[in-house]
Amino acid sequence: MNLQNPKKFKMMMDQAHEVALNVLRPISRKYDKAEHAYPKELDMLASLLDGMNDSGGSETGAATAGKRGETEQQGIRNGSNMSTALGIIEMCYGDTGLLLSMPRQGLGNSAIAAVANDEQLERFKGKWAAMAITEPGCGSDSAAIRTTAVKDGDDYIINGEKIYVTSGERADCVVVWATLDKKLGRAAIKSFVVEKGTPGMTVERLEHKLGIKASDTAAISFIDCRVPATNLLGNAEIDVAKGFAGVMETFDNTRPLVAAMAVGCAKASLERIKEIFKDQLDPNYATPVLNSSNIAATIYRLEAEWEAARLLTIKACWMADNKMPNSKEASIAKAKAGRIGSEITLKCVELAASVGYGEDELLEKWARDSKILDIFEGTQQIQQLIIARRELGKSSSELK
């Protein structure tokens, strides 16, 4: 694996960086104040991204991330997973909440890209998909899902409640995790695409949050919600031996993308704090840490941690592009980037003191935004548990 960013993605990254600086940053505070208001400025950006993907050029965006592709390939591949992550890093350099508000770039789109069949990919192409996993009594333990899906002829009837659904009100459809049979545990959990306006599906409320306020976060109820059987993603058969590994493949795609968000948000804080303390820093890194000021030494350490998180994120995406099992690496990237991203943004507020705490700067906003990136798509503790299971060769029942 080459540790440098692929040259073919340079133009895309430069464009995303310019968008972050000239489109997202100027409206960042506006939509932080106007919580739940839809950022209309994003419509043009989403259309441009759709056009890039439809043209057959450099594919990027959540809907293109996955492990599918040619069954036989020659050499090393740097594909849509890596390009999506690199684009996300640059966009979150602008604003994480606005990125999460981008039409047709939801985490549900990554889920569809990961496990949908060809017919479903075509049918849901161009739709904005949210992801609904968390329930009032089920957070980090996805296997404890209580939302049910009961087969009824050519349909499934879904009953249950989902909370903290990112873009739950704005999205065209929601990827809902539900169990076909509670007695069979995690093996019976499947994901369904429920389109907006389906009878029985109701957005109950929008949450008021610490950060990413531009993004709507909804609580959704499903009462006798009838969904076509063709909207079930993946295999409808319950394989007790396999468990819900098929559904969990979604996380192998989305966790590196959330890690990329944390890397991008932390990059913004690091660059700003380096500008504030530029007179105390050695641009060539020639001064030993022990001979540097405490502020300089702290910034150097944070930069090193950030670079480690970035490389782990790129590695997880690279493995997905090359069709390698990356469940452990996806969790490692998410755990490292989520934790260090939150540490970097908060430490930058601390170093900048009153400047960092005030709203004249975006440092305090980036600190608020970054916290969720260590929580959703699996908390820090869950990632460490998954990593331990993979390292020790233990199942979820053997290591809890």
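Colleague: Which side chain does Glu-275 meet in a salt bridge?
Modeller: Arg-272, at 2.8 Å from N to O. A salt bridge here is a side-chain nitrogen of Lys or Arg within 4 Å of a carboxyl oxygen of Asp or Glu. This is a predicted model, where local features need pLDDT of at least 70 and side-chain atom pairs count only at pLDDT 80 or more. Residues are numbered from 1 along each chain as its sequence is written, and side-chain values use heavy atoms, with hydrogens and water left out.

Colleague: Where do Glu-275 and Arg-272 sit?
Modeller: In helix 7 (residues 245-276), three residues apart, so about one helical turn separates them. Helices are DSSP runs of H or I with at least four residues, numbered from the N terminus.

Colleague: Is Glu-275 buried or partly exposed?
Modeller: Partly exposed, at 47% relative accessibility; Arg-272 is partly exposed too, at 23%. Buried means under 20% relative accessible area, exposed over 50%, and partly exposed in between, with a 1.4 Å probe and protein chains only.

Colleague: Changing topic, what does Arg-29 pair with?
Modeller: Glu-364, with the closest N and O atoms 2.6 Å apart. Arg-29 is in helix 1 (residues 10-33) and Glu-364 in helix 11 (residues 363-371), so the pair ties together parts 335 residues apart in sequence.

Colleague: And is Arg-29 buried or exposed?
Modeller: Buried, at 15%. Glu-364 is buried as well, at 12%.

Colleague: Which residues are linked in a network with Arg-29?
Modeller: Asp-32, Glu-364 and Arg-368, through salt bridges.

Colleague: How many salt bridges does the count come to?
Modeller: 26 by this rule.

Definitions and conventions
Helices (H or I, at least four residues) and strands (E, at least two) are DSSP runs, numbered from the N terminus.
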